[in-house]
Amino acid sequence: MNLKKIREFIIERLIFLGGMASIIFVILIFAFLLKEGLPFFRIYPLKDFLGGRFWYPISEPVQFGIKPLILGSLIVTGGAILIVVPLGLATAIFIAEIARGKTKEILKCSIEFLETTPSVVIGFIGLVVLAPFIRKVFSLPTGLTALCGSIMLAIMSTPTVVSIMEDAITAVPKVYKEAALAIGATHWQTIWRVILPAASSGIMAAVMLGIGRCIGETMVVLMVTGNAAVIPKTLLQPVRTLTATIASEMGEVVQGSEHYFALFALGIILFSLSFIVNLIADFFIHKGVK
Amino acid sequence: MGKIIAKNLDFYYKDFQALKNINLEISEKKITAIIGPSGCGKSTLLRCFNRMNDLIEGIRLEGEILIDGVNIYRDDSDLLFLRKKVGMVFQRPNPFALSIYENIAFGLKIHNMAKRKEIPKIVEDCLNSVHLLDEVRDRLNTSALKLSLEQKQRLCIARTLAVKPEVILMDEPCSALDPLATLKIEELMQELRKDYTIVIVTHNMQQAARVSDETGFMLLGELVEFGKTQDIFTRPGDKRTEDYITGRFG
Ligand SMILES: Nc1ncnc2c1ncn2[C@@H]1O[C@H](COP(=O)(O)OP(=O)(O)OP(=O)(O)O)[C@@H](O)[C@H]1O
Ligand SMILES: [Mg+2]
């Protein structure tokens, strides 16, 4: 009896610790970022950091303006979302409402397969297939552009977006559908006017998580966006994202240098961005539950 | 001639026969109650009248159902038109996750029944005919999911009325409601009876006795007895009906 209680107690504690661990990790990561990133602003004005138009970390004099990097991240992500949301929604509707039996299974399987495809493989395909194609179609000097990044990111975030949207659509109570059909609505009218509005908060959550996935993705954008740190005007020019900057420069930077701290400051920005995006996603998820 | 006529109706879920040789005639602008123990096929029968069973895979139906003399299971029958004409109210109130206004407007829009400008007026009329308008007039654009259960059920009835049906099928419309709310819905049914043919499935024999003009008693997929409610409840013709209404089984 007593032994049982003790065992119970220990198990409970372990589970609690497991749960706490993830929170602690997040806090530790953020604390580490702050510790390494904040000193940067003692030597470099925040205003120039946020508002500067040039990222010249190793020229003389150095400039650490992150505007091109933030805009690079935003344009690539924005393009990806414009592609993945309509396509993902269509796919999710098809899987949840229309496909039956084998078709449904195969579709779900291939989306899961896409989920597990390493991003370096997706980047590689973008590099050797899509980039040359874009270069030819738009007759550009290089196909490594924001557009190329957007398309590959759209492909990469499809599984996340589709599976969450599909869950949201499937979770809509069947009685709504019955009620709509019983008034004489067609299947499509039912989907469009009843099921999607009922699933809207889940769908918004999927969009936000898709955005989070795109902002944070590194390997694909590093490989296919051309990495030119200039303020982008169109989707058809090379850009450089926050993530690609950190990944490509962290290897060569001298530890403790101004540049080193600048990269951590970038990390803070990136972390905050994805944190906010996830927070919004969470808001939609909880709104749906209520 | 009856509004709805079933002739030699057999219904199967895959191999399971849920309805056995049903013959009945439901009169126009009357309330017809279908009673019987759980699992006897009441809902199945009701859902044959607006072909909601079509949604289930592996069903099979033999025999005929005529509404206004036309077999609704004919190959060329218009399913959407049928469901507009034969509305349904469900056991659990199921308003859409839309505003009160949109719940009613839904049917008008999908059937293109009204010009845009006319819709608000029709919505109000529908809400009024179920006595909901005064309770919700100032919050037509808030979510219908915030209403009480009874209000939701009345909204669902109003939603059905909006598309101008001729028949209203009700599958245990009060079983989720408390006695007072039940009474209100029953009063509403009495008012609707003037203009609509109503078929109600109910577990509650008192309810059948209170509201209906005619009653059918079902048992194990068969329609045991069908006739004037008064007759069924005072001098049932079948021993099994008598046992059921006197509470000896079921
Ligand atoms: N989708 C289905 N697939 C297979 N069998 C079904 C299905 N729906 C109902 N049945 C069976 O058909 C029979 C009649 O069911 P039905 O729902 O019509 O009964 P009911 O009289 O409405 O019962 P209740 O009073 O519990 O609602 C039951 O035996 C039930 O198990
Ligand atoms: Mg039933």
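Colleague: What makes Ala199(A), Gly202(A) and Ile203(A) the residues that Ala168(A) touches?

Modeller: This is a predicted model. Contact means heavy atoms within 4.5 Å. Ala168(A) meets that cut-off with Ala199(A), Gly202(A) and Ile203(A), once residues up to four places away in sequence are set aside. Ala168(A) itself sits in helix 7 (residues 146–170) of chain A.

Colleague: Why is Ala168(A) called buried?

Modeller: Buried means under 20% relative accessible area. Ala168(A) has 14%, so Ala168(A) is buried.

Colleague: How far apart are Ala168(A) and Ile195(A), in sequence and in space?

Modeller: They are 27 residues apart in sequence. In space, their C-alpha atoms are 9.5 Å apart.

Colleague: What does the rest of chain A look like?

Modeller: Chain A has 13 helices and 2 strands. Its C-alpha trace spans about 70 × 70 × 30 Å along the principal axes. Of its 290 residues, 43% count as buried. Take the contacts in chain A with a separation of 6 or more: residues 24 or more positions apart account for 69% of them. The chain exposes about 15500 Å², and carbon and sulfur atoms supply 71% of that.

Colleague: Now chain B. What makes Glu150(B) buried?

Modeller: The limit for buried is under 20%. Glu150(B) has a relative accessible area of 10%, so Glu150(B) counts as buried. It is found in helix 6 (residues 149–161) of chain B. Beyond its neighbours within four places in sequence, Glu150(B) is in contact with Leu177(B), Ala181(B), Lys184(B) and Ile185(B).

Colleague: How do you know that helix 1 of chain B is mostly covered?

Modeller: Count its residues: 7 of 8 are buried. Among them are Lys42(B), Arg47(B) and Phe49(B). Just after this helix, Arg51(B) takes a positive phi of about 55°.

Colleague: Which element gives the most to the shell around ligand 1?

Modeller: Helix 1 of chain B does, with 3 residues. The shell has 13 residues, and the closest include Ser38(B), Lys42(B) and Thr44(B). By type, the shell divides into 5 nonpolar, 6 polar and 2 charged residues.

Colleague: What is in the largest nonpolar core?

Modeller: That core has 112 residues. Those with the most contacts inside it include Phe49(A), Phe49(B) and Ile65(B). Helix 13 (residues 258–289) of chain A gives the most to this core, with 13 residues. Another core, of 46 residues, lies apart from it, with Ile35(B) and Leu132(B) among its members.

Colleague: Which residues does Ile65(B) contact?

Modeller: Leaving aside neighbours within four places in sequence, its contacts include Ile4(B), Leu9(B), Cys48(B), Phe49(B), Val70(B) and Tyr73(B).

Conventions: Residues are numbered from 1 along each chain as its sequence is written. Chains are lettered from A and ligands numbered from 1 in the order in which they are written. This is a predicted model: local features need pLDDT of at least 70, side-chain atom pairs count only at pLDDT 80 or more; totals for chains, interfaces and linings use all residues. Side-chain values use heavy atoms; hydrogens and water are left out. A nonpolar core is a set of buried Ala, Val, Leu, Ile, Met, Phe, Trp, Tyr and Cys residues joined through side-chain atoms within 4.5 Å. Buried means under 20% relative accessible area, exposed over 50%, partly exposed in between (1.4 Å probe, protein chains only). Helices (H or I, at least four residues) and strands (E, at least two) are DSSP runs, numbered from the N terminus. A residue is near a molecule or strand if one of its heavy atoms lies within 4 Å of it. Ala, Val, Leu, Ile, Met, Phe, Trp, Tyr, Cys and Pro count as nonpolar, Asp, Glu, Lys and Arg as charged, and the others, Gly among them, as polar. Accessible areas come from the Shrake-Rupley method with a 1.4 Å probe; for residues, only the protein chains shown count as cover.
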